[in-house]
Amino acid sequence: MLQIDLWKRVVIWALCAIGLLLAAPNAFYSKVEQRNDAVAEIELSGTSPERDAMVAQWPGFLPSGLVNLGLDLRGGAHLLAEVKVTDVYVARMKSLWPEVRNALRPERATIGTIRLQPSAGDELKVRISELDGMPRAMEVVRGLAQQVVSLSGVGSSDIEVSADGAVLTVRLSEAERRATDERTMQQAVEIIRRRIDEVGTREPTIQRQGTDRILIQVPGIGSAAELKAIIGTTAQLTFQPVVGRGSNPDASPGIGNEILPSLDEDGTFYLLETAPVVTGEELVDAQPAFDQNGRPAVNFRFNPSGARKFGDYTAENIGNPFAIVLDSEVISAPVIQSHIPGGSGIITGNFTVEESTNLSVLLRAGALPAGLDFLEERTIGPELGADSIKAGQVACVVAFALVLVFMFLSYGMFGIFANIALIINVGLIFGLLSLVGATLTLPGIAGIVLTIGMAVDANVLVFERIREELKSAKGPARAIDLGYEKALSAIIDANFTTFITAVILFVMGSGPVRGFAITLGFGILTSVFTAIFVTRLIVVMWFERKRPKTLEV
């Protein structure tokens, strides 16, 4: 018999109501955005009647999730960056010198004095005074080698040691270079993602391209320059011993030292030891704050390893200056007044509040392992996206109107039922997109238009089956019941194969392809639901009310 249990009816209408409620904020986009901005302002600045009025425009107890618009619809910034992986080789060699020096010191009776020599950035050269001790020196340094952590370099050492007369040379092995390149790219992608997430930008596209390039697309950001300011800074923080201070940047620093400019004192340069005591990699937290004079600053805290090194150094060097260096500029060089055992401190300088906030974001997200060269940068204006949205809206409205007219002319009252389900169907698609925070792109709009055309296919199958059953002299109730029953397997099979295609496109594709796959997949789910459950429930409710003796389908 043609009937649906009460609990099933409640579930069907409840799902429709929830889906439409989730989609509703997109119909009041400006009000929802206004409310969210007001809430954020209230959290920072307290309340006021004006802000309360803003919030009242969209009730806080209602869903406020919006469909994220992609770069092609909302506008934003597009960058293609090349990671300078060779920077990591140089940093590795600099950090290796203290280990080599400490390992060779106990062997002075055999190898003589140890002197660091000028060399190319990606290698380390050490001169010893006793040539006969070179085999022993090479043996000791090779003892510092570690196994390469990479599937392609299993069993290989991370360094190669060679000798040329009295000069011992250390460089990274080819296996370690390949492994380092891979780690550097993975770390760079992750840190860029963290930095963008820290500033609250929704749905950025951050993808690796080739061996050393990263594609970055961020919808809704003002310009490519603004995006570069967030991610382009390497934010390499180091704490280095101060050897001296002067005004001549061209003076000879000596082996193992370097001259760096002061950030807030023009014409002042610091002579520092190259090997840092602690680096930003050992930071676990950084927050904007104010110093004792009320000036913007940044509080920081080290992990246990960094805290121990920081504490030991401050205990042994009370009265000596200690430079805080960010990206090869000395932010400040305070004199160590006492032992600092807790592993926390404060970075002061001539910061604005915005600068201290951005610096804390960069430090908290982590330092980029290498610098970036921006090969391509574009700012996409929102007006281009607005044109695309208008064109997509026109396409949706035209497709919608034609489908509604066709269904009404073809199936009469049953066509109207299918049209009601189609309207609910589109609302459910936007509800799902809002629920999962998916990004709607221009190909995604094409997916919605395609769904509008495909959504009535299931109803067409059902209605044609009902027509066939009516021809066999069955009653209206039995014809409707058999129509849905016999068409069910065809509906499931047809949509299931299309859904598999959408899943494959989403998993294997990227960018526009994924945008199309998301709306296509959601459209298939909602189309099957509305065709099998919603349309049938509407037909049953109509039939129970009218009790027609004949059907016109």
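In which loop is Ile 340 found? Ile 340 sits in the loop between strand S16 (329-332) and strand S17 (344-348). This is a predicted model.

Ile 340 has a relative accessible area of 31%. Leaving aside residues up to four places away in sequence, Ile 340 touches Phe 310, Gly 311 and Thr 314. Asp 312 is 28 residues away along the chain. Yet the C-alpha atoms of Ile 340 and Asp 312 are separated by 8.3 Å.

Ala 77 stands opposite Thr 379 in S18.

Another open sheet of 4 strands runs in the order S3-S4-S6-S5, again with antiparallel pairing. Here the edges are strand S3 (114-117) and strand S5 (159-164), each pairing on one side only. The twist averages 25° from one strand to the next. S5 and strand S6 (residues 167-172) form an antiparallel pair over 6 bridges. Asp 164 has Val 167 in S6 as its bridge partner.

**Helices across the sheets**

| Helix | Lies across | Angle |
|---|---|---|
| H5 | S3, S4 (123-128), S5, S6 | about 25° to S4 |
| H7 | S4, S5, S6 | about 170° to S5 |

**How H5 meets H7**

Two packed helices are described by the angle between their axes and the distance between the axes. The axes of helix H5 (residues 86-104) and helix H7 (residues 134-142) come within 10 Å. They cross at roughly 130°. H5 and H7 are therefore oblique to each other. Their crossing is right-handed.

Which residues of H5 and H7 meet? On the H5 side they are Val 100, Ala 103 and Leu 104. On the H7 side they are Ala 137, Val 140 and Val 141. The contact of H5 with H7 has 6 nonpolar residues, no polar ones and no charged ones.

Conventions: Residues numbered from 1 in each chain as written. Predicted model: local features only at pLDDT ≥ 70, side-chain atom pairs only at ≥ 80, totals over all residues. Heavy atoms only, no water. Pairing = 2+ DSSP bridges. Helix = DSSP H or I, 4+ residues; strand = E, 2+ residues; numbered from the N terminus. Axes fitted to C-alpha atoms, helices over the stretch in contact; angles between N-to-C directions. Parallel < 35°, antiparallel > 145°, perpendicular 65-115°, else oblique. Left-handed = near helix turned anticlockwise from the far one by under 90°. Contact = heavy atoms within 4.5 Å. Nonpolar A, V, L, I, M, F, W, Y, C, P; charged D, E, K, R; others polar. Buried < 20%, exposed > 50% of the residue type's maximum accessible area, 1.4 Å probe, protein only.
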